[in-house]
Amino acid sequence: MSSAGGLQIRGVSAGYGAAPVLKDIDLEVVPGTIVAVVGANGAGKTTLLRAISGMIETTGTISWDGADLRGTRVEDLVRRGIAHVPEGRGVITELTVEENLRLGHVWRKDKDDARRATAEVYQLFEPLARRRTSAGHQLSGGERQMLAIGRALVARPRLLLLDEPSLGLAPRVTAEIMALLKHLREETGLAVLLVEQNVRSAFSIADQGVVLNLGTVAVNAPADQLAGDDELRHAYLGF
């Protein structure tokens, strides 16, 4: 992959307490590409996203467009164009759909474009437009996932970190979300780092596939190559 701009991860180790979860990770995501990170439970996938977002201490280098990210506050990450949608949706259930989306652009100065971005989210996710006054706890699992992604998109991110977006969703909704990510990559040049258990769905839209195994990068190769490698899938992914 090219090394021009984007997300650069070099020699990163991270964990909780004394035991490292990630060990000497090298990875990059350039603009206009989707990198899918897959692996068994406990491989370190969520920890990787948390490390990028500064939620845990790390060693090594994490940079975005050449600027060091370590120690950056969440609001400054958003200002730099980085959005993180954690596993479990991240929706504030007491707030309405509209209020949740408003949180996505609270740090943006261009309020006119923030309103346009919100309108685009409603266009992308029609169920949200019909439920804009509904509280988060009244939404289905699929609608909550749409809302979590939508809230990230109204910030106009250039890098989207997605943790298990298909978790608990119907196959049809998963397919719609994957199609949306592919559309955004092609139309806006969005860079996506996608952590996903649904390997087939992830590899169907990804440019690059990364297999994590016990906290290390076991394989980093074009996604279509990984999808077609039966021996590798059996060894690391169990199908």
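Helix axes are lines fitted to C-alpha atoms over the stretch in contact, and the angle between two of them runs from 0 to 180 degrees between N-to-C directions. The exercises below concern a predicted model.

**Exercise 1.** Determine how H3 and H4 are oriented to each other, and state which residues make the contact.

*Solution.*
Step 1. The axes of H3 and H4 cross at roughly 130 degrees and come within 10 Å.
Step 2. Angles over 145 degrees count as roughly antiparallel, those from 65 to 115 as roughly perpendicular, and those under 35 as roughly parallel; the rest are oblique.
Step 3. H3 and H4 are therefore oblique to each other.
Step 4. The crossing in which H3 passes H4 is right-handed.
Step 5. On the H3 side the contact is made by Val 97, Glu 98 and Leu 101, and on the H4 side by Thr 118, Val 121 and Tyr 122.
Step 6. By class, this contact of H3 with H4 has 4 nonpolar, 1 polar and 1 charged residues.

**Exercise 2.** Describe the packing of H3 and H6, including the residues that meet.

*Solution.*
Step 1. H3 spans residues 97-104 and H6 spans residues 141-153; their axes lie 7 Å apart, at an angle of about 35 degrees.
Step 2. The crossing of H3 and H6 is right-handed.
Step 3. From H3, Val 97, Asn 100, Leu 101, Leu 103 and Gly 104 meet Leu 147, Gly 150 and Arg 151 of H6.
Step 4. The residues of this contact of H3 with H6 divide into 4 nonpolar, 3 polar and 1 charged.

**Exercise 3.** Characterise the largest pocket by its volume and its lining.

*Solution.*
Step 1. The volume of the largest pocket is about 490 Å³.
Step 2. Its lining has 21 residues, of which Val 74, Val 78, His 84, Trp 107 and Arg 151 are the closest to the centre.
Step 3. Helix H2 (74-79), strand E6 (82-85), H3 and H6 are the elements that each give two or more residues to this lining.
Step 4. E6 provides the largest share, 4 residues.
Step 5. By class, the lining divides into 15 nonpolar, 4 polar and 2 charged residues.

**Exercise 4.** Carry out the corresponding analysis for the second largest pocket.

*Solution.*
Step 1. The second largest pocket has a volume of about 240 Å³.
Step 2. Among the residues that line the second largest pocket are Ala 117, Glu 120, Leu 153, Arg 156, His 183 and Glu 187.
Step 3. Helix H4 (111-124) and helix H7 (171-188) are the elements that give two or more residues to this lining.
Step 4. The lining has 7 nonpolar, 2 polar and 3 charged residues.

Definitions and conventions
Residues numbered from 1 in each chain as written. Predicted model: local features only at pLDDT ≥ 70, side-chain atom pairs only at ≥ 80, totals over all residues. Heavy atoms only, no water. Left-handed = near helix turned anticlockwise from the far one by under 90°. Contact = heavy atoms within 4.5 Å. Nonpolar A, V, L, I, M, F, W, Y, C, P; charged D, E, K, R; others polar. 1 Å grid on protein atoms, 1.4 Å probe; cavity = no way out; pocket = protein on both sides within 12 Å on 5 of 7 lines; lining within 4 Å. Points joined across faces, edges and corners; volume = space filled by probe spheres on them.
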